[in-house]
Each structure stands twice: as structure tokens, then as C-alpha cells.
Amino acid sequence: MIELTAKPRLARLFRMQYEEAQQAYVLLYPEGMVKLNQSASEILKRCDGERDVQAMITDIEQTFNSTGLEKDVTGFLEIAIERGWISV
């Protein structure tokens with residue numbers, strides 16, 4: 001389980017960018033590309049190694065005028081760690 005004090009960042013081999021042709025953010029890596037949905041892209045945009053998970057959750061909740069997103073955000077981050085997209 002990811003700690004709320006962890007400061008995730010994109011892993012070295014990955015780069016995130018907006019692809020006009022896809023009309024979405026994508027995660028690029030040497031072997032290919034992953035098209036991201038809006039939720040995934042909003043979380044990964046904040047994985048800069050500067051903010052901790054709690055700050056990311058607070059920022060997302062404020063941006064989308066929502067509450068109770070901790071479980072969703074941490075769940076996605078755990079999947080992203082398993083897939084090697086981010087490191088902490």
C-alpha cells in the first residue's frame with residue numbers, strides 16, 4: 001500500500017504527453033504507448049516527485065470539486081507502481 005507521504009514520479013523510461021491524434025494524454029515508453037483516460041492523466045500529471053500523495057489527493061479534490069478520492073487515487077498509484085510507470 002502506498003504511503004500518503006510518498007512522493008511518486010514518473011519512472012525514468014516513461015514520458016507523458018498530450019497526443020492530438022489520440023485526443024488524450026499518453027504515456028510513452030521505448031516499447032510503445034499507453035493511452036490514458038482523464039482520471040489516470042490527472043493523477044500522473046501530479047507525479048512530479050515534489051508533491052506527496054496526500055497533496056495530490058487534495059489538489060485533485062479541489063480541482064474537481066469533489067471529496068473522498070483517496071481510495072481511488074491510491075489504488076491507481078499502486079497499479080502504476082506495479083506496472084513500472086511510477087517510482088516512489
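Me: What makes β2 and β3 a pair of strands in this predicted model?
Reply: Two strands pair if at least two bridges are found between them. Here 5 bridges join β2 to β3 (residues 24–29), and the two strands run antiparallel. Among the facing residues, Gln 17 stands opposite Val 26 in β3, and Met 16 stands opposite Leu 27 in β3.

Me: How many residues lie between β2 and β3 in their hairpin?
Reply: The hairpin has 4 residues between the two strands. In this turn, Gln 23 has a positive phi of about 55°.

Me: How do you know that β3 and β4 pair as well?
Reply: The requirement is again at least two bridges. β3 and β4 are paired over 4 bridges, in the antiparallel sense. Leu 27 has Val 34 in β4 as a bridge partner. A hairpin through 2 residues joins β3 to β4.

Me: Why are β2 and β4 said to stand at the edges of the sheet?
Reply: The sheet is open and consists of 3 strands in the order β2-β3-β4, with antiparallel pairing. β2 (15–19) and β4 (32–35) each have a single partner strand, so one side of each is left without a neighbour in the sheet. From one strand to the next, the twist averages 35°.

Me: Why is the aromatic pair of Phe 14 and Tyr 29 called tilted?
Reply: Rings pair if their centres lie within 6.5 Å, and these two are 5.3 Å apart, centre to centre. Planes under 30 degrees apart would count as stacked and those over 60 as edge-to-face, while the rest are tilted. The planes of Phe 14 and Tyr 29 are at 40°, so the pair is tilted. By this rule the count comes to 3 aromatic pairs.

Me: Which parts of the chain does the pair of Phe 14 and Tyr 29 link?
Reply: Phe 14 lies in the loop between β1 (9–10) and β2, and Tyr 29 lies in strand β3. The two residues are 15 residues apart, and the pair links distant parts of the chain.

Me: Which residues of α2 and α3 meet?
Reply: From α2 come Val 53, Gln 54, Met 56, Ile 57, Ile 60 and Glu 61, and from α3 come Glu 70, Val 73, Thr 74 and Leu 77. The residues of this contact divide into 6 nonpolar, 2 polar and 2 charged.

Me: What makes α1 roughly perpendicular to α3?
Reply: The axes of α1 (residues 38–45) and α3 cross at roughly 80° and come within 11 Å. An angle of 65 to 115 degrees counts as roughly perpendicular, so α1 is roughly perpendicular to α3. Ala 40, Ile 43 and Leu 44 of α1 make the contact with Val 73, Phe 76 and Leu 77 of α3. The residues of this contact divide into 6 nonpolar, no polar and no charged.

Definitions and conventions
Residues are numbered from 1 along each chain as its sequence is written. This is a predicted model: local features need pLDDT of at least 70, side-chain atom pairs count only at pLDDT 80 or more; totals for chains, interfaces and linings use all residues. Side-chain values use heavy atoms; hydrogens and water are left out. Contact means heavy atoms within 4.5 Å. Ala, Val, Leu, Ile, Met, Phe, Trp, Tyr, Cys and Pro count as nonpolar, Asp, Glu, Lys and Arg as charged, and the others, Gly among them, as polar. Axes are lines fitted to C-alpha atoms, for helices over the stretch in contact, and angles run from 0 to 180 degrees between N-to-C directions. Rings of Phe, Tyr and Trp (its six-membered ring) pair if their centres lie within 6.5 Å; planes under 30 degrees apart count as stacked, over 60 as edge-to-face and the rest as tilted. Angles under 35 degrees count as roughly parallel, over 145 as roughly antiparallel, 65 to 115 as roughly perpendicular and the rest as oblique.
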